[in-house]
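Let us take a friendly walk through this protein together. Keep the structure open beside you and follow each stop as we reach it.

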Amino acid sequence: MKRSPLPDGVTGPFSVAAARDAGVPASRLRASDLRTPFRGVRTLHTDTSDDARASVRRRVREYAEVMPASQFFCLATACVLWGGPIPPGLLRHRDGAGGLVERPLDVGVFLPDRASRTQGVRGRSIAPGWAEVVTAPVDGIRLTSPASTWAMMGQVLSEDELVILGDALVRMPERDADPPPLATIDDLRRAVEVGRRPGVLRIREALPLVRTRAWSPQETRTRLVLVRDGGLPEPELNWPVLVGGHLVANIDLAYPDFLLGFEYDGEHHMTDAEQWAKDIRRAEMLADLGWSIMRVTKRDLDTLRGPFIARVRSRVLGAVRRRSM
């Protein structure tokens with residue numbers, strides 16, 4: 001039996017109400033080529049085995065078709081929409097059989113409105129004034145502002161994770177073509193000062209540690225390990241190395257007075273032969289300019305944190321002694 005056509009241009013999710021207004025019969029909305037991600041929403045059957053962040057964005061588009069005007073996305077869902085780094089476990093978790101299960105979308109309302117109880121949504125009731133809600137300029141989706149999102153995440157993130165997220169939101173552009181920061185440190189401070197929201201103690205502790213020149217979560221983690229755990233001086237972030245007035249390198253973290261730098265090596269640095277060769281040439285160039293570069297790995301920041309701090313302290317003390325001779 002031939003199916004009746006869907007409304008012109010329908011390639012993504014649509015509301016049942018809009019389809020009926022367009023003359024689509026109820027029988028067509030029950031056809032096997034459509035699925036129901038949320039009550040009152042239909043979308044064409046497509047591959048839904050996307051990664052965790054893509055899954056959140058897909059489900060946001062689906063729920064937005066029926067989301068009341070009083071609701072808005074918040075917490076981990078808003079973090080994904082702003083592109084902020086958060087632990088994967090906040091987006092998916094493993095069930096008893098070891099399979100991955102999507103965590104519901106975080107959807108807020110301001111009191112006294114009642115939080116949503118829709119399947120696939122985790123409703124949140126929020127005190128007025130505790131969050132600023134904005135409308136995304138491209139798709140018109142309502143969500144908490146970057147600064148409000150960061151402050152609300154104080155109830156679910158650790159202090160380190162809050163600093164990592166804050167660094168990402170206030171990050172200054174690396175290149176002229178890069179987008180501007182999503183928030184300023186003053187924006188974050190104003191979000192902290194709205195009252196005793198859940199997690200307020202953690203966000204108050206994290207705020208002084210947020211910086212504008214960290215370009216990756218691992219750079220932030222390295223800085224926190226050096227300064228807070230190791231009691232070492234705070235390094236400069238993405239320090240520019242100039243030769244004849246021309247930029248030849250940005251060092252992830254650096255003590256310029258000692259010509260000591262730190263470069264984080266992710267797994268791709270070791271498995272990508274071309275990247276590995278570039279790293280070697282870059283290290284040789286910096287060595288010729290007098291720089292000593294320490295490579296930092298995930299193990300240095302986790303299981304080998306103590307020995308890593310000891311090596312750095314030895315290098316710094318050695319540099320101090322050489323300068324004093």
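A residue is called buried when its relative accessible area is under 20%, exposed when that value is over 50%, and partly exposed in between. Keep in mind that what you are looking at is a predicted model.

Most residues other than glycine have a negative phi.

Strand β11 covers residues 236-243 and runs antiparallel to strand β12, residues 246-255, with seven bridges joining the two. You can trace some of the partners yourself: Trp239 is bridged to Ile251 in β12, and Pro240 has Asn250 as its bridge partner in β12. The two strands make a hairpin with two residues between them, and Gly244 in that turn has a positive phi of about 60°.

Is Leu259 buried or partly exposed? Its relative accessibility is 32%, so Leu259 counts as partly exposed.

Four strands form an open sheet in the order β11-β12-β13-β14, with mixed pairing. At the edges are β11 and β14, each of which pairs on one side only. On average, neighbouring strands of the sheet are turned by 50° against each other, direction ignored. Helix α9 packs on this sheet and touches β11, β12, β13 and β14, its direction making about 45° with that of β12.

Another helix belongs in this picture: α13 lies across β12, β13 and β14, and it runs at about 175° to β14. Buried residues in α13 are Phe308, Ile309, Val312, Val316, Gly318 and Ala319. An α-helix has 3.6 residues a turn, so residues three or four places apart point the same way. The buried residues of α13 pack against α9, β12, β13, β14 and α12.

Let us finish with some aromatic side chains elsewhere in the chain. Searching the whole structure turns up five aromatic pairs. In one of them, the ring centres of Phe72 and Phe110 are 4.9 Å apart and the planes meet at 40°, so the pair is tilted. Phe72 belongs to strand β4 and Phe110 to strand β7, so this pair ties together parts that are 38 residues apart in sequence. Phe72 is buried, with a relative accessible area of 0%, whereas Phe110 counts as partly exposed at 25%. Phe38, Tyr63 and Phe73 form one aromatic cluster.

One last stop is the loop between β7 and β8, where Pro112 is found. Leu111 and Pro112 are joined by a cis peptide bond, with omega about 15°. Most peptide bonds are trans.

Definitions and conventions: Residues are numbered from 1 along each chain as its sequence is written. This is a predicted model: local features need pLDDT of at least 70, side-chain atom pairs count only at pLDDT 80 or more; totals for chains, interfaces and linings use all residues. Side-chain values use heavy atoms; hydrogens and water are left out. Two strands pair if DSSP finds at least two bridges between them. Buried means under 20% relative accessible area, exposed over 50%, partly exposed in between (1.4 Å probe, protein chains only). Contact means heavy atoms within 4.5 Å. Rings of Phe, Tyr and Trp (its six-membered ring) pair if their centres lie within 6.5 Å; planes under 30 degrees apart count as stacked, over 60 as edge-to-face and the rest as tilted. Axes are lines fitted to C-alpha atoms, for helices over the stretch in contact, and angles run from 0 to 180 degrees between N-to-C directions.
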